[in-house]
Amino acid sequence: MKLINILVFVTFCSIRLFSQGQEDPPVWFVELMLGFQNCPQPNSYTFYLENQGTVWATHDDFIPPGFFINEDPTINDSYYPWHVRNTVGNDWRGWNMVFSQDHITILDTLVPVFGYGLYKISTNASNSYFYIDYRDARIPYLNIIYNQNIDHWIKYDFNNHNFYYSTYGTIGPWTQIENREYLKIWEMQETYPVIISTSDFPNYWENCLVPVNDGSGYPRIVWGRHPQDDLEIEVDNYKIYRAVSSGLPPPNPIFTPIATVGSNIYSFTDYDFASGGPLNLQYRITAIYEDFVESVYETSPTNTVLIRGSLYKDNFKKDQKIEFFLSNNYPNPFNPVTIIDYKIVSTGLVTLIVYDMLGTEVASLVNEIKEAGNYSIKFNAEKLPSGIYFYQIRASDFVGTKKLILLK
């Protein structure tokens, strides 16, 4: 289980947070800013920054120079237990990247630190999350468009439960982040050239492969550029290998190639299987290149990752679960308003009903013909007593039930 370090961050209404490059003093030397918009009151929320694999670090200001595999848990994971004091969105927080981790901040307030890794950013305010890949040894960027640097801003909107990013500042412009999207910092910052560098990260190829969940219901893996590409070799393709087994994962699995992708592709989704199930799906990647006489070679493989799965074409029930969706309500527990998300894939009658512990209907939220799509609905329980309730959706042949807790 990952160790998550709790960093309590005390803010005052008179304190504002600024990033590098802005003129107004005082300055916070942070590279990742996080704020919000349209926050309901009163409430408390938490925002998480969690690594999804190996993280590389460096010393403050690169003194002494060089990268190393991080072993500090506070750089791997951190989160803000964040009491939101207003609705307009000027309560910004920040993370330092490791190369500026010891810079002085306002009132010597402790600021969490992140490194050169693949991170997941999420919140307990909803089921929304996304990934950002910082595994580029060129950071902090110097030769990039519009005179930007590594600084970037993430904003969460409580009205639509979407994340947004900007590389310009707190006033935007903002780009919406699709739920469960995989972002690359070198593309967000419009670096030139866009070819990333990984050769300075020790043992990068042996640690770069990571499984991620993009919400599609299929296994997905992410890796990175081979560290010797354009140095000793010129990579033409990446080859994906898979081994399938049941029971305990074998110590020496038999891998077979299943796909080949271009040299600028660093992710792959396996549509032969559904995520979750009794099977062991093990993956690894190799790089394919030619020498000066056009002889074809294959590098050693990456690390191996394991994903549990089942045969998609033989798993009709799993297919239904992927297509139809009923979310956990958020927030939960709640008082008195909560939100429920659901997805349907075909036009038809949809019912969404809330029941008490005795199975008595206490509220009918939806009872109408709906077209295929994603929906959200607010449930106001101001007239109900505190307790445990259940909500159930019926759409076509799909039936889903979840529990909610009302605390007054």
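A residue is called buried when its relative accessible area is under 20%, exposed when over 50%, and partly exposed in between (1.4 Å probe, protein chains only). By that rule, buried residues make up 50% of the 408 residues in the protein chain.

This is a predicted model, in which local features need pLDDT of at least 70 and side-chain atom pairs count only at pLDDT 80 or more, while totals for chains, interfaces and linings use all residues. Residues are numbered from 1 along each chain as its sequence is written, and side-chain values use heavy atoms, with hydrogens and water left out.

Start with the whole chain in cartoon view. The protein chain has 3 helices and 29 strands, taken as DSSP runs (helices H or I, at least four residues; strands E, at least two) numbered from the N terminus.

Next, select Asn70. Asn70 sits in the loop that runs between strand S5 (67–69) and helix H1 (73–76). Asn70 is buried, at 9% relative accessible area. Show the side chain: Asn70 makes a polar contact through it with the side chain of Asn76, at 3.0 Å. Here a polar contact is a pair of N or O atoms within 3.5 Å; within protein, one must be able to donate a hydrogen and the other to accept it, and residues adjacent in sequence count only if both atoms are side-chain atoms. A polar atom of the Asn70 side chain also lies 2.9 Å from the backbone oxygen of Asp72.

Then move to Val296, in strand S21 (residues 296–298). Val296 is exposed, with a relative accessible area of 56%.
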